[in-house]
Amino acid sequence: MNNDPKTIKEEWSVDPLEGQTLNEIQQIIVNESLGLEQSMRTEKTISMELENRYSSLFSQCDDLIRTLEQDSLQRLLRNVYINENPKWHPERNSLVHIKIVMSRGIETGDDDLVRSALYHDISKFDTVSFNKQGWPTCLGHDKSGAEVALSDGASDVIVYVCAKHMVIKGWQGVSEAGELNPSTKYKIFAEAPGETPDEKAKAFWKLCVFTNMDNMGKEFNADSLRWDNPTYERWDEECPLKDIYKKSELVEIKVEKPKPPFSSQEIIAFGVQPGPMLGKVIGATTGKTKEEALEIIKQMTGNPDLQMPITEKKWIKTFENFRSSK
């Protein structure tokens, strides 16, 4: 059967494991996939639905895979041994997953997205470990895949999509990552390649589409996601995913730090000694109104008779006033 770990060497005339020193976890995964060792996990129910749907495009995927240099080719083919958590990956193995994502990229007609699919999970086998449930998990494969893409001469957009394809999933709340905070959302957009907001919007838009390509639990419709000329200015009006990726979240969130209502000198004038006590008073009164702060200082100093400091008004004559007063 194509894309089967037992026949991978014959199909590709390449041994993905040749020259590799496997760690204990990698060896277990290989042995399980070849039927040499009984799986420690609950038997996974394999779904062939997506593989059957996209298999007609797999030959195009294979043609692109064959353009990889030997090291990258072996790295990618090693994913045939990984059988991931069915919650996220019902397909047979990670190599099949990569081809499904590549096929969806082909449907978009965007070469950046096809090549991003080629590299996005290329380092999964090399970063594999077991999670608490005993399923393979590959922390850091996104960063490693981006590095492989960069070393192979991929474009800045492809490297960006590979590097960010996991962290952005938290934006959708569909991965183990959960929700992203506003500053992280802005950072993902700000780090997109490009000098102008429109250039960044174009790269970021491809990342948004890619998250849909990479989601095995969601229907993918390339036509419904098409946006031929992504721009920052027209994001709220034209972006097909504007309800998920809001333009308002693509700007820097600046949080103003609260300030103490009284200066250090004013607090000292209340009878507070410089040193640790002064710091405690500043911490307790920061963000409060002057009236609230005064009551706090009264309690902390034990002096209920403290009064609000009087602000002296200083009148400064202008040059014209000075001349007219002569």
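Me: What should helix α12 (residues 197-213) span at 1.5 Å a residue, and how far apart are its end C-alpha atoms?
Reply: Helices here are DSSP runs of H or I with at least four residues, and strands are E runs of at least two, numbered from the N terminus. The expected span is 1.5 Å times one less than the number of residues. With 17 residues, α12 should span 24 Å, and this agrees with its end C-alpha atoms, which are 24 Å apart.

Me: Before we go on, what kind of model is this?
Reply: Residues are numbered from 1 along each chain as its sequence is written, and side-chain values use heavy atoms, with hydrogens and water left out. Local features need pLDDT of at least 70, side-chain atom pairs count only at pLDDT 80 or more, and totals for chains, interfaces and linings use all residues, as this is a predicted model.

Me: How many of the residues of α12 are buried?
Reply: Buried means under 20% relative accessible area, exposed over 50%, and partly exposed in between, with a 1.4 Å probe and protein chains only. By that rule α12 is mostly covered. The count is 13 of its 17 residues.

Me: Which geometry do F204 and Y245 show as an aromatic pair?
Reply: Rings of Phe, Tyr and Trp (its six-membered ring) pair if their centres lie within 6.5 Å; planes under 30 degrees apart are stacked, over 60 edge-to-face, the rest tilted. F204 sits in helix α12, while Y245 is in the loop between α13 (235-238) and α14 (264-269), 41 residues apart. Their centres are 6.1 Å apart and their planes at 90°, so the pair is edge-to-face.

Me: How are helix α4 (residues 58-65) and helix α6 (residues 94-108) oriented to each other?
Reply: Axes are lines fitted to C-alpha atoms over the stretch in contact, and angles run from 0 to 180 degrees between N-to-C directions. The two axes come within 9 Å and cross at roughly 105°. Under 35 degrees is roughly parallel, over 145 roughly antiparallel, 65 to 115 roughly perpendicular and the rest oblique. Therefore α4 and α6 are roughly perpendicular.

Me: Where does F125 lie?
Reply: F125 is buried, with a relative accessible area of 1%. Contact means heavy atoms within 4.5 Å, and F125 touches residues including L17, V30 and I82. F125 lies in the loop between α7 (111-120) and β1 (129-130).

Definitions and conventions: Lists of a residue's contacts leave out its neighbours within four places in sequence.
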